[in-house]
Amino acid sequence: MRKETQAAHAFSFEEVCRKLEVDSMQGLTPTAVNQRQKKYGKNELEPKKAESWWLRLLKQFHQPLIYILLGAVLVTFFLGEYIDSLVIFAVVIINAFISFVQETKAVRALDALSRSMITETTVIREGKRKKVDASDLVPGDIVFLRSGDRVPADMRIVKTKDTRAEEAALTGESIPVEKSPAELPEDTPLADRKNMLYASTHITYGQVTGVVTSTGEFTEVGKISELISGVEKLDTPLTKSIQSFSHLLLWIIIAMAIMAFGIGYFIQGDPPGEVFMAAVALAVGAIPEGLPAALTITLAMGVSRMARRHAIIRKLPAVETLGSTMVICSDKTGTLTENQMTVQKVFDGTRAFNLTGSGYHTRGEITLDEKNVISDNYPALKTTLYCGLLCNDSGVEEVEGEYKIQGDPTEVALIVAAMKSGLTREHCEKKYPRLDTIPFESENQLMATLHEWKDSHRIFVKGSIEKVLQKCDEMMDEQGKTVPMNREVILQKAEKLANKGLRVLAFAWKKAEKNELNWEDIESGCIFTGLQGMIDPPRQEAIQAIQTCHRASINVKMITGDHACTAQAIAIQLGIIDSKDTGSTLTGSELAHLTDKELQETVHKTHVFARVNPAQKLRLVKAIQSQKKVVAMTGDGVNDAAALKQADIGIAMGITGTEVTKEEADMVLTDDNFASIEAAVEEGRGVFDNIKKFIVWTLPTNIGEGSVILLAILLGTALPVSPVQILWINMTSALFLGLMLAFEPKEKDIMQRTPRDPTQPLLDRSLILRILIVGGILLGTAFYIFASQLDKGKTLAQAQTAAVTVFIVVEAFFLLNCRSLSKSIFHVGLFSNLWIWGGITLMAIFQLLLIYVPFMNTLFQTAPISLTTWGTILLFGLGTHFFMFLYKQAERKLIE
């Protein structure tokens with residue numbers, strides 16, 4: 001907000017106009033407009049300069065594992081193995097291209113915000129109304145808006161006529177807000193400033209004139225754009241773990257290569273050229289060439305599976321981040337709730353009726369004591385429903401199976417409630433035509449309509465409880481007769497409904513004789529008929545999803561701009577908090593007085609945050625992250641965008657979500673269903689499981705290859721496997737064997753586990769020990785087979801071919817063992833992943849080609865081996881599988 005109009009809500013509109021040097025009746029002169037445009041600039045949001053596509057592409061190569069692969073490209077090229085060099089380079093390019101495509105819709109949030117403000121608007125300049133581009137507005141412009149218009153800038157209301165504004169995208173308020181020009185206290189929260197209008201919101205009802213106080217980046221939505229641009233996107237748990245692991249692996253490979261060169265040259269005294277080639281072979285063997293490709297393809301498979309479950313992933317690592325999520329911070333309106341006001345309770349003065357169904361769909365029943373009732377048998381109930389239906393200026397219609405509303409959601413809820421009793425708007429308006437209206441005004445807090453009614457006329461009144469009861473002296477009893485009104489009972493019932501988070505309206509009627517309606521006609525003598533309590537109900541599927549999240553040790557917190565009472569009631573219904581746990585709610589005004597340290601202590605035990613503004617949402621996410629928690633943030637409004645970007649994973653709603661939130665999100669839910677998040681978390685955990693299985697499977701091969709080269713150098717013997725043969729092992733086994741783990745189904749207990757702690761290493765001690773054991777088995781077996789072949793008089797090519805086959809066969813058997821890191825292959829299902837068996841078959845075919853096809857013998861320096869050698873190698877492979885099976889069984893018993 002401009003300096004001269006800071007806290008405009010705290011001043012009268014006359015004072016605001018005086019500060020802005022404008023006459024509210026005449027508006028600005030062209031000269032004043034030009035001067036202010038030069039001073040303040042266009043009423044637009046300047047988009048952040050987009051990163052060029054080539055720079056985004058280059059960043060895909062800025063990863064330690066890619067450096068290792070590029071090193072492999074250079075090594076193989078140096079060795080003259082141009083085909084292998086080209087293959088590895090192709091893996092690098094494909095890996096980068098897939099990631100680039102996934103992220104090519106990079107941050108466009110500010111562009112989306114800028115587009116959202118482009119519109120025409122009506123202004124008063126030099127005493128005349130005229131249409132101008134909203135981008136030409138300046139502070140001091142007098143703007144006229146009516147129902148359906150988008151608010152083009154932040155404005156202080158000058159005068160209003162029955163105005164309501166829909167501000168859910170900015171504040172989280174679930175129903176349109178009634179507007180009034182009366183000044184307010186300076187510390188009034190944003191969502192409660194009824195004398196202000198804010199850019200990007202909409203007028204849903206009435207007319208309003210306001211004076212522009214802020215434009216462009218100085219508007220409230222402009223401040224959100226600054227929050228977004230100032231947020232640094234965090235690395236995901238997966239990228240952090242992989243980066244740490246890759247750096248460690250890089251230094252181990254370099255150290256081993258240097259050690260191998262030192263031993264061969266300084267201790268063994270071998271020629272430097274020969275020793276250098278052996279060190280290169282060791283480095284090539286230790287590089288897991290298939291790991292980046294496996295990561296990318298496994299994540300891409302997760303993307304595909306999530307898409308089938310209504311979750312679109314915009315950034316690949318977000319797939320795994322979901323699996324590590326510890327806290328989900330969810331917006332209320334439209335995310336956990338239907339975003340459709342629904343009447344749930346009707347009180348007729350003596351009895352409380354329940355209405356089933358939710359949203360704007362007319363399916364539902366009226367029940368009393370859990371039994372369906374017919375409204376004709378309850379006169380006060382039916383009159384209350386008539387009143388809500390006829391004293392109403394809104395509408396609802398079914399279009400292609402979807403219910404579309406016109407007007408105010410609160411009024412639409414009243415129409416739907418009446419339709420559940422069998423009444424229809426068209427029939428009732430034809431039978432009881434409207435003759436006159438007293439429109440709703442925020443100052444009077446009620447609306448009245450005059451209708452033809454059988455042999456006379458009837459006035460229907462609806463409004464706030466206090467205002468309607470002031471007009472009533474009598475009420476309807478159970479038989480529909482008029483009796484003295486019991487004001488205390490009605491107020492007690494209204495308070496109980498309000499405490500449950502319901503918005504309560506009161507209804508009354510009065511006989512009339514004339515054909516016109518004036519205020520004095522309803523000043524007294526009205527007959528109270530009942531109350532209707534409505535709420536934006538929780539999604540039923542969200543309740544189940546939250547229960548599943550709790551079983552998975554995922555904490556769910558509600559962060560909303562709505563009222564504390566409403567938020568708390570919904571949270572109880574959803575199961576986020578217990579009905580006795582009413583103290584776990586914090587409002588924005590309370591939050592504002594907490595220091596960062598106090599907030600970090602409070603945020604752990606608080607589960608509902610109400611009446612919070614965008615900056616506070618961002619602050620809350622940061623406070624949770626400071627406790628080393630992985631945070632997912634869901635939302636649909638502009639007010640959620642900055643917090644979505646700050647969160648480890650931002651989740652936007654695809655249907656009701658604004659373009660801004662979709663652009664900032666890592667994931668978009670196509671069905672706006674919170675339950676889809678639970679499915680996505682499950683998929684994310686499955687993806688991480690499969691990535692970890694691949695790493696546990698592939699690293700023993702690299703350890704075995706590196707160790708067997710190092711042992712050969714120490715013993716001064718020929719290399720059991722050559723560099724080009726190592727490349728064959730690594731590339732073909734990763735493609736035909738390891739990648740099949742990407743198709744491994746999720747284990748049944750995956751949602752009973754606690755989230756993975758991001759501070760813990762990728763591999764725990766148990767898995768590292770398992771990797772070292774299998775690596776040792778490969779080292780011993782390969783060297784034994786190699787040496788025994790030479791002892792039997794076989795050629796070096798035959799001995800090396802046998803050693804290569806050992807690696808392939810043991811890898812294939814160990815692959816079956818890695819399908820689950822804790823259970824046997826029989827527990828997960830021998831044929832539950834047919835891709836595994838297809839991959840093993842293809843690997844066997846290609847290995848046979850390597851051994852027995854002359855062209856391959858020449859290319860890879862291999863030679864045919866005997867059936868006896870095959871039998872020995874297969875026994876070693878089978879023995880490895882059963883040994884690791886017994887190892888897992890023993891490990892499980894120790895844990896239990």
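Here is a short chat about how some helices and strands in this predicted model get their descriptions.

Colleague: How do you know that the length of helix α17 fits its 13 residues?

Modeller: At 1.5 Å a residue, residues 487-499 should span 18 Å, and the end C-alpha atoms of α17 are 18 Å apart, so the two agree.

Colleague: Which residues of α17 are buried, then?

Modeller: Ile490, Ala494 and Leu497. Buried means under 20% relative accessible area. They cover an arc of only 60 degrees around the axis, so they sit on the same side of α17. An α-helix has 3.6 residues a turn, so residues three or four places apart point the same way.

Colleague: What does the face turned away from that buried side carry?

Modeller: That face of α17 has Glu488, Lys496 and Asn499, which count as exposed, and the cut-off there is over 50%. As for the buried residues of α17, what covers them includes β10, α16, β19, β21 and β22. Just after the helix, Gly501 takes a positive phi of about 85 degrees.

Colleague: What makes β21 largely enclosed?

Modeller: 8 of its 10 residues are buried, so the rest of the structure largely encloses β21. Strand β18 (residues 456-463) joins β21 through 7 bridges and runs antiparallel to it, with Val461 partnered by Ala508. Another 7 bridges link β21 to β22, again antiparallel, and Ala506 stands opposite Leu531 of β22.

Colleague: Why are β8 and β24 called edge strands in the open sheet of 8 strands?

Modeller: The order is β8-β28-β27-β26-β9-β23-β25-β24, with mixed pairing. β8 (311-313) and β24 (585-587) each have a single partner strand, so one side of each is left without a neighbour in the sheet. Neighbouring strands here are turned by 20 degrees against each other on average, direction ignored. For β24, 3 bridges join it to β25 (residues 608-610), and the two run parallel; Thr587 has Ala610 as its bridge partner in β25. Helix α22 (residues 614-625) packs on the sheet, touching β9, β23, β25 and β26, and its direction makes about 160 degrees with that of β26.

Colleague: Why is α28 called roughly antiparallel to α30?

Modeller: Their axes come within 11 Å and cross at roughly 175 degrees. Angles over 145 count as roughly antiparallel, so that label applies to α28 and α30. The contact involves residues including Val804, Ile808 and Leu815 of α28 and Trp837, Ile840 and Met843 of α30.

Note on methods: Residues numbered from 1 in each chain as written. Predicted model: local features only at pLDDT ≥ 70, side-chain atom pairs only at ≥ 80, totals over all residues. Heavy atoms only, no water. Helix = DSSP H or I, 4+ residues; strand = E, 2+ residues; numbered from the N terminus. Expected span 1.5 Å × (residues − 1). Buried < 20%, exposed > 50% of the residue type's maximum accessible area, 1.4 Å probe, protein only. Arc of directions from axis to C-beta. Contact = heavy atoms within 4.5 Å. Pairing = 2+ DSSP bridges. Axes fitted to C-alpha atoms, helices over the stretch in contact; angles between N-to-C directions. Parallel < 35°, antiparallel > 145°, perpendicular 65-115°, else oblique.
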